[in-house]
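Hi,

Here is the structure I promised to pass on.

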Protein chains: 2
Amino acid sequence: DPFEPTIRAGKVFARGAQDNKGQCFYTITALKALLELSESLNFNLKLFIEGEEESGSVGTMEVLEQKQEELQSDYLLVVDLGIPGPGIPAITLGIRGILTMEIEVRTADGDMHSGGMGGVAYNPIRALSHALAKCFDEEGRVAIPHFYDDVQELSAQEKKAFDLTMDEEKMQREFGLRAFCPDPGYTIGESVSIRPTLEINGISGGYTGKGFKTVLPAVATAKVSCRLVPHQNPEKIFENFKKHLETHLPNGIELTITKEHGSYAFRAKENSLIAKQAAKAYEEVMEKPCKTILSGGSIPITVELAKASGAEAVMMGFGLDTDNIHAPNEHFGLDRFEQGFLTMGRILGQFNAL
Amino acid sequence: DPFEPTIRAGKVFARGAQDNKGQCFYTITALKALLELSESLNFNLKLFIEGEEESGSVGTMEVLEQKQEELQSDYLLVVDLGIPGPGIPAITLGIRGILTMEIEVRTADGDMHSGGMGGVAYNPIRALSHALAKCFDEEGRVAIPHFYDDVQELSAQEKKAFDLTMDEEKMQREFGLRAFCPDPGYTIGESVSIRPTLEINGISGGYTGKGFKTVLPAVATAKVSCRLVPHQNPEKIFENFKKHLETHLPNGIELTITKEHGSYAFRAKENSLIAKQAAKAYEEVMEKPCKTILSGGSIPITVELAKASGAEAVMMGFGLDTDNIHAPNEHFGLDRFEQGFLTMGRILGQFNAL
C-alpha cells in the first residue's frame, strides 16, 4: 500500500507524504498546540483543507461560491509550497497561471503508405512540427502574436523584494540538463518565475514502436501548455495561439485545438502583515534571513481562495525539489516536519499576541 | 487463421493473398501450363522466389552472392507490383530507393516538471520540431544540403515513355486527403515517382495519453524516411541529413541518429525486349494500350537481383491500391488472377516462340 507511511532514515515515505498531507499535518499539529497552550484565541481562525486540488477542485470551487461570506478574511496562509534548499527559509509571493491545450492535426481519413503517397499527401507530423516551430522566434521567444502584451516588468520595489537567483549548476546536475533556454534578456531565475512560457508537453503521430513502418500518418497530436504571469488572460492567449497555428498550417488541413484548463497567475503583496509575520517566524526557527521568492508552478485554487476570501495572501511550506512529489517514493523529512511545526506555531502565536 | 484463404464475392481473402502469394501463384500456374503445352522449351528459364522481402532479405542477399553465376540472365521479370486501376494494363520500369532513420533528441537525464523548469530547461520536442521543420524550405522542397544534387531530370525519351499522370481526385477521395504537397514545379504524378521525398513516419515524446500532464520531457524521438530516385546515394543522404539536424539543434543537446535501412532506386530501360514483350502480352489480354509507369514504392531486392543477374528488367503485376496489402482483409480478385495467368502465359509463350 503506497499510502501506508513508513519512516526510513529520518523521512516519512508515502504517497502524499509531502504534497500535501505532511504539510497539512504540521499545520494541524501547530493549531492543536496553539489551542492547548493559549488561554484564549485573540483572532478568528478559519481552516480550509482542499482535498481535490490534483483533480480539478470541482467541489472546492462550488464551496468557495456557496461559502464566500464565511470565508471573508484579512489574511490567507497557503501551506502547499517549499523552500529553495535544506535550511533555507523562504516565503512564496507568486505562482504562475497555466493554460493547457490539446492539438490534433488531421490530413486524411486514414493512414497511407509512404511509397504510394509519399511526397504528395501532406504529412500531418510535418505540418505540426512546422506549426510548433513557428511558435518560437529565432532567439527563442514565444512568437504568438500579443503573447507578451499584458506582461509587466517587475517594479523597482519588487526587484528588491524578490530573490530570483537560481543555482543553475544544481539544476543542471539534478536533471542532467544538456541545455538551458532562458527568455532572451532574462536570467534563468527570472525566466522560471516572472516570464511566461510555452512548452510542448507531449507529441505523437504515426508509427512509434520498435523497428520501422513506412506509414504516412493521417493524424498527429500534441499537448501544449503555457505558464502565465500576472495580467495574462488564459482565454486571450488560447485564442491567439489557435489563430497562430491556423496561420501556419497549410490550407485544408484540419486543426482541432481544445482548451483543457486555464487559470490566472497570482502575485501577493510583499509588505503585507502576513508576509512579514511568516518571514519573521521562518527566520527565528531556521536562524537565517528569509528569502522572498516566486514559484514557477501553478496552484489555481490559491487564486480562487484569495479572491473568495478577499485576504492578503502568502504561500509557504517546507517542500524540497527532491521530495519526489506525485511519484513513487514521495517523502518528507522529519526535520522539516519539526521546522514546519515550529514555524507555523510561531506565526499563529504572533497573530495571537497582536 | 488469417492465412487460411476464403473466397468471397470473387476475391481471395488471406494475408499475402495479393502480396505476393497470389502473384506467385498465377506465375507458377502459367509456367506449369507452358511446360505441359510446349513440346520443348526454347529458352532457359530461372525461377527465383523470395520469401523474406518484408523482413530484410538477409538470406536472399547471401544467395545472390553465392549463386551469382547461376543467376546470370538476359531478362528479369519481377512479378510484385500492380496496375493503376481495374482493367488498365501497365508495366513498371522504376521504383524509388529508400532510406529509413531513427532520431532521438535528449535534453536531460529524466523528465522534469514544466512548472519548476518550464521556460529554462530546453524542451526536446521543441528542439526536434524545430529541426524537422528546418528540413523543408518555405516552398516545401527538402532543405537538406545536397539532397537534390544527384537527381537527374527525365530525358525527352523518358518523358514520352512514362505515363506519370495520376487521378488526383481518386487519390483524394480514397484517403479523404485534405492537402497535397507536390514538389514545387512538378505534378503530383511526377512528385510520387521521379522526385525524392522526405517523410516523418512517426514522432513521439512526453505525455501522450488521456488528459494532461505538465511534464517537461527529457527525450523526443522520430522516424524519418526518404524515397530516393536514381543516382541518389542513401549513405550520402544519411550523412547530410545528420549534419543538417546537428546544425539545427541547440548546442549541447544530444542527438542519436541511426540508419535503419538504405537502398538505391531502380530504373529499367523502356525499350528492352522484355519490356516490349510484357507490354504486348498485357495489351492482348486486357485489350487496352499498356501504360509504362514508375512506382513510388521501393523493392530493394529488385535492385540486387538486377545487379546479380546482369539482366534487363521489367516489373509487373496485377495488384490494386485497394487490395489492403500487409493489412487485415488483404485480398486478390479472381479476375486478376485470370488476367495474370493469361498475361504471364503469353509472355512465356512469346519468349518460347522467339
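Predicted model: local features only at pLDDT ≥ 70, side-chain atom pairs only at ≥ 80, totals over all residues.

Let me start with the contacts between the chains: six salt bridges turn up across the interface of chain A and chain B, a salt bridge being a side-chain nitrogen of Lys or Arg within 4 Å of a carboxyl oxygen of Asp or Glu. One to look at is E254(A) with R178(B), whose side chains meet at 2.6 Å, N to O.

As for conventions, residues are numbered from 1 along each chain as its sequence is written, chains are lettered from A and ligands numbered from 1 in the order in which they are written, and side-chain values use heavy atoms, with hydrogens and water left out.

Back to the interface. In chain A, 77 residues are in contact with 77 residues of chain B, contact meaning heavy atoms within 4.5 Å. The two chains bury about 5900 Å² between them, 58% of it on carbon and sulfur atoms; that is the accessible area (1.4 Å probe) that two parts lose on being put together, summed over both.

How are the two chains related? A rotation of 180° with 0.0 Å of shift along its axis puts chain A on chain B, with an RMSD of 0.1 Å (least squares on the C-alpha atoms of residues with pLDDT of at least 70 in both). This is the relation of a two-fold axis. The same surface serves both copies, as 100% of the contact residues of chain A recur in chain B.

β7(A) and strand β7 (residues 197-206) of chain B pair in the antiparallel sense over five bridges, where pairing needs at least two DSSP bridges between the strands. Within that pairing, I203(A) has G205(B) as its bridge partner. Helices (H or I, at least four residues) and strands (E, at least two) are DSSP runs, numbered from the N terminus.

Over all chains, the salt bridge count comes to 40. One of them joins K307(A) and E304(A), with the closest N and O atoms 3.8 Å apart. Both residues lie in helix α10 (residues 300-309) of chain A, three residues apart, about one turn of the helix.

Most residues other than glycine have a negative phi, and most peptide bonds are trans. The peptide bond from D19(A) to N20(A), though, is cis, with omega near 10°, and N20(A) sits in the loop between β2 (11-13) and α1 (21-37) of chain A. In chain B, a cis peptide bond joins D19(B) and N20(B), with omega about 10°. H146(A) has a positive phi, near 70°, and is in the loop between α4 (124-133) and α5 (156-161) of chain A.

Cheers
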